[in-house]
Amino acid sequence: MKFAKTTLAALAAAVTLGVSVQAQAGATLDAITAKGFVQCGISDGLPGFSYADSKGQYVGMDVDVCRAVAAALFGDATKVKYTPLTAKERFTALQSGEVDMLSRNTTWTSSRDAAMGLNFAGVNYYDGQGFLVNKKLGVTSAKELDGAAVCIQAGTTTELNLADYFRANNMKYTPITYDKSDESAKALEAGRCDVLTSDQSQLYAQRIKLAKPDDYVVLPEVISKEPLGPAVRQGDADWFNIVKWTLFAMVNAEEMGVTMSNVEDLAKSSTNPDVRRLLGAEGEFGKDLKLPKDWAVQIVKQVGNYGESFDRNVGAGSELKIARGLNDLWNKGGLQYAPPVR
């Protein structure tokens, strides 16, 4: 009898907890819906990912994720307000509610998941840490950097990765830290450090901003895994699902050949079951996500599929000319793979 009472008490407590959790669920999504826009935290100026163009409009792969979420939720990719954040500011801004989501070349790690209360919605760019040097230094490998002065952006995973790499290779270095990526790049250009270390994508982006980019080279070594992706606060599964499946929709659309130019036609005429489910012609998958039926159509129509975003911002159609590499689709030798809509 004692066992039965304990069990009933535990069950009652669990039910009460469940009701409490359910009552809180959706609070972020409700607030975003009420105000009519997404407040998105982005970088403080990184070509290819998030920066202001000549017209003052924010563009880039990370910006495209923000725009795609707005397109899915509101049917309008312009319903976004941007908050440029340094690496040191970004997590506090998300945790405090200053921003609704973070789409700012941020590495998915265990501590950020478990200790910081974040949920990463996926990986929109597979990266790795590298080194940028002036060719006149005569260095062709990171193994030749013993004793170097190294510029680092504060508040990033690069600090620990750098320390680990130099210690593992029995080398010494002098760290010179800056709060902003532009500051660290200018320091390299001014000769205040011998080498700049960061994610390779960021190095290519900073290189094109230098006065003489051809004088600098990215060394071949990649010393870490840096899966970059959008993140939200834990505690609102509805909002998390929307951000997550927005990214998945962009990847699935590329795999299925759904593009900005043909998405509306395919939504009406495709006989492919996968395409029909993705584009809302079959099933109620938008309803499951608390989104309109044409949520994925709006994403692709207004922002593009994953490949279109990549090419436009960092790939063949951009100044950076970064090869797809690990960021190609899984069936083309890359790692980009999204769960199916079904």
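This is a predicted model: local features need pLDDT of at least 70, side-chain atom pairs count only at pLDDT 80 or more; totals for chains, interfaces and linings use all residues.

Some ground rules before that. Residues are numbered from 1 along each chain as its sequence is written, and side-chain values use heavy atoms, with hydrogens and water left out.

Okay, let's start with strand β1, residues 38-43. When I say strand, I mean a DSSP run of E with at least two residues, and a helix is a run of H or I with at least four, both numbered from the N terminus. Is β1 buried or exposed? Six of its six residues are buried, so β1 is largely enclosed by the rest of the structure. Buried here means under 20% relative accessible area, exposed means over 50%, and partly exposed is in between, using a 1.4 Å probe and protein chains only.

Which strands does β1 pair with? One is β4, residues 80-85, in the parallel sense over six bridges, and there Ile-42 stands opposite Pro-84. Another is β5, residues 101-102, also parallel, over two bridges; in that pairing Gly-41 faces Leu-102. For the record, two strands pair if DSSP finds at least two bridges between them.

Zoom in on β9, residues 148-153: β9 runs parallel to β10, joined by six bridges, and Cys-151 has Ile-176 of β10 as its bridge partner.

Axes are lines fitted to C-alpha atoms, for helices over the stretch in contact, and angles run from 0 to 180 degrees between N-to-C directions.

How do they sit against each other? Take α9 (residues 237-256) and α13 (residues 295-302): their axes come within 10 Å and cross at roughly 65°, and they are therefore roughly perpendicular. Our cut-offs are under 35 degrees for roughly parallel, over 145 for roughly antiparallel, 65 to 115 for roughly perpendicular, and oblique for the rest. On the α9 side you have Trp-245, Thr-246, Ala-249, Met-250 and Ala-253, meeting Trp-295, Ala-296, Ile-299 and Val-300 of α13. By class, that contact has eight nonpolar residues, one polar and no charged. Nonpolar covers Ala, Val, Leu, Ile, Met, Phe, Trp, Tyr, Cys and Pro; charged covers Asp, Glu, Lys and Arg; the others, Gly among them, are polar.

Helix α3, residues 61-74, packs on α13 at about 140°, with the axes 7 Å apart, and these two are therefore oblique to each other. The residues meeting there are Arg-67, Ala-68, Ala-71 and Ala-72 from α3, and Trp-295, Gln-298, Ile-299 and Gln-302 from α13. That contact splits into five nonpolar, two polar and one charged.

To finish the trio, α3 and α9 pack at about 110° with their axes 9 Å apart, which makes α3 roughly perpendicular to α9. Among the residues in contact are Val-65 and Leu-73 of α3, and Trp-239 and Ile-242 of α9.

Last stop, the loops. Most residues other than glycine have a negative phi. Asn-170, though, has a positive phi of about 55°. Asn-170 is in the loop between α6 and β10, and counts as exposed at 72% relative accessibility. Lys-290 also has a positive phi, about 60°, without being a glycine. You'll find Lys-290 in the loop between α12 (285-288) and α13, exposed at 52%.

That's my tour, so over to you for questions.

Terms used: Contact means heavy atoms within 4.5 Å.
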